[in-house]
Amino acid sequence: MKKDRIIIIDGNSLINRAFYALPPLMTKEGHHTNAIYGFITMLFKVIEEYQPQYIGVAFDKKAPTFRHKEFKEYKAGRKKMPPELGEQMEPLKEVLDALRIYRIEIEGFEADDLIGTLAKYCEAKGFESLIVTGDKDALQLASQDTKILITKKGISNLEIYDDKKVLEDFEVTPLQFIDLKGLMGDKSDNIPGVPGVGEKTAVKLIKEFGSVENLIQNTQQISAAKLREKIEDNREQAILSKRLATIVTNVPVAMEIEELKVEEFDRDRLLELFKKYEFNSLINKIIGNEKRENQGEGKEQEQNANLCIVTISHKEAFEEMMKEIKKEKTMVLKSITEEKNIVKNKVIGLAIAVGEKNQYYIDFSDYKDENELIGLVKKLLEDDTIEKVSHDIKKELLHFYPYGIEIKNIVFDTMIGEYLIDPSKSSYSIKELAVQYLGENLLDEEDLRGTGKNKLEIEAIPREKLQTYLCQQVRIINKLTKTLDEKIKELQLLELYYEIELPLAEVLASMEFKGIQVDKHMLEDLKIEFKEKIDNLTEEIYRLAESTFNINSPKQLGEILFDKLQLPPIKKTKTGYSTNVEVLEKLYDKHDIIPKILEYRQVTKIKTTYIDGLLNIMNPITGRIHSNFNQTVTTTGRISSTEPNLQNIPIKLELGRQLRKVFGAQQDYQLIDADYSQIELRVLAHISEDKNLLESFVKDQDVHTRTASEIFQVPMEEVTSAMRSSAKAVNFGIVYGISDFGLAENLNISRYKAKQYIESYLEKYASVQKYMEETVKIAKEKGYVLTLLNRRRYLPEITSRNFNIRSFGERVAMNTPIQGSAADIIKIAMVKVYKRLKEGNFQANLILQVHDELIVECPNYELETVSTIVKECMEQAMDLKVPLKVDLAYGPTWYDAK
DNA sequence: GAATTCTGCAA
DNA sequence: TATTGCAGAATTC
């Protein structure tokens with residue numbers, strides 16, 4: 001018969017391990033959770049792996065133990081538990097209670113003693129015991145039936161020890177482990193041992209004499225005189241140390257072993273706690289397990305349980321569905337396409353939810369007459385009387401543009417909704433939403449396609465799987481719409497959501513679809529030109545270094561510069577020497593190789609990131625670049641751009657700026673470039689109502705010159721360019737949430753001087769100071785900050801007891817309302833421009849946004865009108881206490897339009 | 001192959 | 001130890 005198995009966990013040891021092994025995790029409300037998370041992950045892992053019949057977690061009690069009574073310095077000098085960990089103890093116990101796992105705690109005894117007693121008891125009963133701990137002390141308990149699982153590096157690796165393994169690894173028996181400690185002592189518990197005896201000597205002695213007692217009775221046999229003396233002088237201390245290190249195995253415990261029997265956990269309570277601590281992956285795991293258990297007949301059927309799908313494959317069925325939709329007036333849609341090309345993607349499947357119960361699914365390859373189908377879908381999606389809801393509607397728009405279909409009457413997007421509710425999340429998938437709001441576990445793309453080399457092409461996914469996947473999604477979206485809408489209302493985000501973000505999705509879709517023209521020939525010529533430059537520089541650098549190496553590798557470059565050439569290392573990174581521009585510039589005159597490396601860096605950056613990058617991603621059909629504009633990435637409300645990032649095309653240095661010549665308007669068109677002048681400082685003037693700052697903008701002064709004049713106390717005419725550029729840095733600093741350290745770094749001046757600059761700024765701009773203090777205060781009280789349109793960002797960092805984290809929170813509190821309000825403003829402008837151009841049937845198109853700048857591709861004959869419209873929409877976007885100013889220019893290329 | 005680090009580009 | 005992003009190359013796991 002198989003033995004019963006018990007797992008005994010050293011709670012204190014394990015939670016400590018988990019705490020230090022994991023990066024800090026925090027909930028929205030600012031509770032630290034990393035130790036709980038790590039502990040539970042580890043717990044689940046051992047339970048899964050060893051399937052115990054019994055389980056218990058032992059904790060230390062605060063009360064002093066017999067060891068303290070015997071030796072009052074016991075555990076003295078031990079560092080107090082950091083509060084970030086301390087606050088996690090009680091929550092962990094709550095979770096264990098929800099798991100219905102027995103907690104073993106007895107006053108006057110340490111967890112070790114309870115574990116030892118329990119293990120010996122179980123051994124006698126014929127159980128197999130597994131002790132999980134991060135502490136080697138427990139190894140003294142190892143035997144054939146009592147095994148010790150010790151955490152190795154991190155938390156996921158456990159090493160298993162029985163008596164044999166202990167002997168193998170440490171050359172002593174488990175019980176002799178105690179003797180070792182008697183001699184070596186233990187710093188962390190403040191057990192003295194014999195001074196001067198370390199691990200090596202202790203092992204040697206115990207191997208020879210067998211035990212501490214035998215050793216001190218036979219000291220005359222120790223040949224080394226010094227060692228003998230040490231042992232003889234510390235006899236009592238060795239004995240005492242051994243006793244302190246001995247785990248007690250006969251604690252009087254009034255406990256029934258049956259209490260430790262594994263039980264069904266309290267599901268609802270557990271999910272509630274996991275939700276509170278935002279352990280979404282654990283929620284997933286539990287729900288996933290339940291699904292698997294209930295399954296029996298395969299995953300598909302289970303996943304289908306909540307679905308009621310009607311498949312549409314002919315006209316009559318489609319029209320039947322259409323009737324149903326018209327009755328309901330609202331539909332949720334989600335489609336999937338072959339991954340080919342943005343301008344000719346082919347839709348494979350379309351799922352539609354109508355009301356709570358019904359899902360329809362159209363498999364495009366099942367439908368006989370494709371033209372007929374497209375016609376019907378067009379009629380449906382363009383029907384202005386039917387409201388459309390989706391998750392990531394921009395994607396849906398793009399899926400249907402190639403068919404000449406424009407989805408009309410879009411009323412909700414759950415992805416954007418959740419983004420406004422909390423913009424700090426790392427992902428906004430339907431799966432996440434389902435877990436968070438409904439506790440449901442869905443298929444995701446990974447389940448569908450697999451990962452790595454086994455990843456399937458979308459075309460290769462079995463049809464039924466695709467159908468289930470999409471129908472699940474529309475069902476969930478439908479369920480979530482109301483909840484999210486209410487939340488949006490509650491947070492006073494209605495205007496931002498319905499007037500700005502939702503219409504913006506369509507603007508972004510159109511920008512992506514349109515793309516921007518690039519000059520392929522020019523790029524190819526540049527590629528050759530830059531390759532030659534790089535080859536020459538490489539050769540030159542190798543010559544100067546007198547060896548070949550990978551110049552791109554900071555590690556190898558560091559070795560050449562700082563070891564071989566003996567240049568002074570200015571700065572270090574986590575892994576070695578820093579070789580960044582600042583460092584290299586300080587070394588500029590120290591060696592001829594440095595200027596070459598700087599040039600090499602500049603040239604390779606342009607070639608690899610921009611020239612090669614752009615050529616790789618050019619659309620072969622349109623000859624244009626269709627960047628992806630993401631609406632739910634930034635925490636402040638800005639838009640981000642990827643594949644490629646068109647928001648960081650070089651401009652500061654002429655060499656890089658030349659690249660802008662490859663971005664052009666098509667024949668007989670111009671690029672109009674319109675950018676806000678000082679939008680962030682204008683926002684700051686508006687929010688803070690600072691007299692000086694307001695006046696600066698109302699009078700349309702050069703704001704940096706004005707700032708210089710204030711800080712340095714000279715008339716504006718006497719401001720030198722050096723003063724102006726310092727003032728400019730201060731203005732930047734103000735927007736970012738200033739610190740003297742940061743300003744000093746940026747201006748390359750002393751921290752003291754930077755502090756003076758800041759102080760004189762805040763003195764002159766007193767209301768700015770007041771605003772900064774106020775916003776930090778509000779952030780601390782409420783836990784979030786708001787933009788002009790109530791866009792919200794939570795700041796759990798701001799109450800941290802860690803100075804760095806808290807300071808970060810404070811800077812973010814100051815910066816987000818400014819950066820975020822500027823983002824609100826340009827988004828309004830984008831929606832307005834798009835609308836005006838569309839309604840006026842202009843041929844011009846908005847094609848790019850770069851945070852404070854809009855780019856429109858415009859036919860020559862519309863130039864004047866469109867320029868006026870763009871300028872007007874931008875300047876009138878919001879009514880502030882200062883005017884919004886827009887600089888506008890146009891030309892055949894982006895280079896010329898700036 | 002995925003994740004992380006360093007570097008550097010923009011507003 | 002200044003805000004928000006994205007990407008390429010090297011390196012590590």
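This is a predicted model: local features need pLDDT of at least 70, side-chain atom pairs count only at pLDDT 80 or more; totals for chains, interfaces and linings use all residues.
# Close-up views of a sheet and a helix

**View 1**

**View 2. The six-stranded sheet.** Strands in the order E7-E10-E9-E8-E11-E12 form an open sheet with mixed pairing. Strand E7 (309-312) and strand E12 (410-413) stand at the edges; each has a single partner strand, so one side of each is left without a neighbour in the sheet. On average, neighbouring strands of this sheet are turned by 25° against each other, direction ignored. Strands of a sheet pair through backbone hydrogen bonds, either parallel or antiparallel.

**View 3. The pairing of E7 with E10.** E7 and strand E10 (residues 358-363) run parallel and are joined by four bridges. Ile312 has Ile362 in E10 as its bridge partner.

**View 4. Helix H19 over the strands E11 and E12.** Helix H19 (residues 414-421) lies across both E11 and E12. The helix runs at about 55° to E12.

View 5. Helix H34 (residues 751-764) has 14 residues and reaches 20 Å from its first C-alpha to its last, close to the 20 Å expected at 1.5 Å a residue. Ala754, Tyr757, Ile758, Tyr761 and Leu762 are its buried residues. Seen down the axis of H34, these residues fall within an arc of 125°, so they line one face of the helix. An α-helix has 3.6 residues a turn, so residues three or four places apart point the same way. The face turned away from the buried side of H34 carries the exposed residues Tyr752 and Glu763.

**View 6. The packing partners of H34.** The buried residues of H34 pack against helix H31 (703-712), helix H32 (721-736), helix H33 (740-747) and helix H35 (766-782).

Notes. Residues are numbered from 1 along each chain as its sequence is written. Chains are lettered from A and ligands numbered from 1 in the order in which they are written. Side-chain values use heavy atoms; hydrogens and water are left out. Two strands pair if DSSP finds at least two bridges between them. Helices (H or I, at least four residues) and strands (E, at least two) are DSSP runs, numbered from the N terminus. Axes are lines fitted to C-alpha atoms, for helices over the stretch in contact, and angles run from 0 to 180 degrees between N-to-C directions. Contact means heavy atoms within 4.5 Å. The expected span of a helix is 1.5 Å times one less than its number of residues. Buried means under 20% relative accessible area, exposed over 50%, partly exposed in between (1.4 Å probe, protein chains only). The arc is that of the directions from the helix axis to the C-beta atoms.
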